[in-house]
Amino acid sequence: MDERQLRILRELGELGSVSAVAEALHVTPSAISQQLRLLQRSLPVPLTERAGRRVVLTDAGQALAEAAIEVESALARARHTLTDFAGRPDGVVSVAAFHSAASAFFPLLLRGLDGPDGPRLALADEDVPQDRFPALTRDHDLVLAHRLDHGAPWPRTVASTTLLREPLDVALPAGHPLAARPEVTPGDVADQPWITVHDGFPLMATIEAIASVANRRLDIVHRINEFAVVAEAVAAGGGLALLPRWTARAHPDVVLRPLTGVHALRRIDVLHRPERTARKAVRTVLAALHSAAAAVRGHEGDAAPRPAGD
C-alpha cells in the first residue's frame, strides 16, 4: 500500500462513492477503481463491498481508512519537519577542500559567515587524486576540487560550479636568472630541476605538456603536494615548480612568472550532490564561496603576477 491508495480509501469512507472520490481528487472513476484493486491485492481481507450500485467500505476497510488519517498526519508532520530543516539558515554545512583551496577559502568563509544566524561550518582538508573528488560528496555537502582547464569534466552524478580559472605560473628563486624575465617558455625551463606533485594529481598533465613542447624529459627531483612546502623548497634552490597564481601563499624569496606556449590553467570547482542545495544553509555557503572567489582573484586583471614576496 502507498500513501495515495490510503488517501483514496479514506475519501471513499467519507464521500461514499467512487465517482465522488474521483471528482474530489480530479481523476477518473476508473483510476480510483484501479488503485483500490491494487490496494486490495496486498491485503488478505476485503476492503470494499457492493451496496446496490455503490462501492462502500467493509468494517476492515473502515478500520484501515481511520488508520490512514494517522498515516497522513504523520507524513504531513514529516514534510513540515523536512521543510523547516531545509529552510533553516543556521544548519551545519560540511565543506571539504584540497590544501591550497582550503588555505585560500576557509579563512574567508569563517570570517564571512561569522554570526549567530548563519550556517555552522564543518571544514575538512582532503588532498586526493582528481578522480576521487566526486566520491567526497557522499560525506560532505560541498567539495572544492581542481582539474585542468581543458581536462575531462566531472561525472554527471555530481553538480559542479566553477569558482576560479586560475593560471599556473613557474615558481623560481628570487635570484634565479630567469626571474628577471617577464615570462618564461617551456624551452627556458626544461633543463632545470623540477619539483612536482605526485602522480594522479592535475598539475602533472601540465608538467608533461612542458616536456612535450620542449621535446625533452624533465628532471623531476622532488614530489611534494603541499604548495607551502613547495615554495620553501623552491626558495632553498631545490628546483622550479608550478604554483597557482592566487591560491598559493606568497613567499618572500620566490617569484612567479607566467608560462607561455602551454595552456597552464586550472579550474577550482565546487562539487555537490544535487539534493544538497535544497537546504538554505548549503545555498548560503555556496554563495559565500563565490564571493570568496572574487576576493581570491584579487589582481586578476594584472598582465603578470607580482613577485610572491611583494
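Reader: Is Ala241 buried or exposed?

Author: Ala241 is buried, because its relative accessible area is 0%, where buried means under 20% relative accessible area, exposed means over 50% and partly exposed lies in between, using a 1.4 Å probe and protein chains only. Please keep in mind that this is a predicted model, in which local features need pLDDT of at least 70 and side-chain atom pairs count only at pLDDT 80 or more, while totals for chains, interfaces and linings use all residues. Residues are numbered from 1 along each chain as its sequence is written, and side-chain values use heavy atoms, with hydrogens and water left out.

Reader: Where does Ala241 lie, and what does Ala241 touch?

Author: Ala241 is in strand β9, where helices (H or I, at least four residues) and strands (E, at least two) are DSSP runs numbered from the N terminus. Not counting residues up to four places away in sequence, Ala241 touches Asp169, Val170, Ala171, Trp194, Ile195, Val230 and Val234, and contact here means heavy atoms within 4.5 Å.

Reader: And how many Å apart are Ala241 and Ile224?

Author: From C-alpha to C-alpha they are 9.9 Å apart in space, and they are 17 residues apart in sequence.

Reader: Ok, zooming out: how many helices and strands does the protein chain have?

Author: The protein chain has nine helices and 11 strands. Its radius of gyration is 31 Å, well over the 19 Å that the globule rule gives for 310 residues, so the chain is more spread out than a compact globule. That radius is taken over C-alpha atoms, and the rule is 2.2 Å times the number of residues to the power 0.38. Along the principal axes, the C-alpha atoms fill a box of roughly 100 × 45 × 30 Å.

Reader: What share of the residues is buried?

Author: Buried residues make up 45% of the 310 residues in the protein chain. As for contacts with a separation of 6 or more, 74% of them are accounted for by residues 24 or more positions apart.

Reader: Which residues touch the most other members of the largest nonpolar core?

Author: Val170 and Trp194 do, in a core of 37 residues. At least two residues of this core come from each of β6 (159-173), β7 (193-196), α7 (203-214), α8 (227-235), β9 (240-244) and β10 (254-257). A nonpolar core is a set of buried Ala, Val, Leu, Ile, Met, Phe, Trp, Tyr and Cys residues joined through side-chain atoms within 4.5 Å. There is also a second, separate core of 36 residues, which includes Ala96, Ala104, Phe105 and Val285.

Reader: Why would such side chains sit together?

Author: In soluble globular proteins, nonpolar side chains tend to be buried together.

Reader: Back to Val170, then: what is Val170 in contact with?

Author: Leaving aside its neighbours within four places in sequence, Val170 is in contact with Val184, Val189, Trp194, Leu240, Ala241, Leu242, Val255, Leu256, Arg257 and Leu259. Val184 is found in the loop between β6 and α6 (186-189), and at 0% relative accessibility Val184 counts as buried. Beyond four places in sequence, Val184 touches Val170, Leu178, Val189, Arg257, Pro258, Leu259 and Thr260. The C-alpha atoms of Val184 and Gly261 are separated by 8.9 Å, although these residues are 77 apart along the chain.

Reader: What about Thr196, buried or exposed?

Author: Thr196 counts as buried, because its relative accessibility is 3%, and Thr196 lies in strand β7. Apart from residues up to four places away in sequence, Thr196 touches Met204, Ile207, Ile220, His222, Arg223 and Ile224.

Reader: New topic: what is phi of His26 near?

Author: Phi of His26 is near 60°, a positive value in a residue other than glycine. Most residues other than glycine have a negative phi. His26 is in the loop between α2 (18-25) and α3 (29-41), and His26 is exposed, with a relative accessible area of 71%.

Reader: And where does Asn215 lie?

Author: Asn215 lies in the loop between α7 and β8 (219-223). Phi of Asn215 is near 60°, again a positive value in a residue other than glycine, and Asn215 is exposed, with a relative accessible area of 71%.
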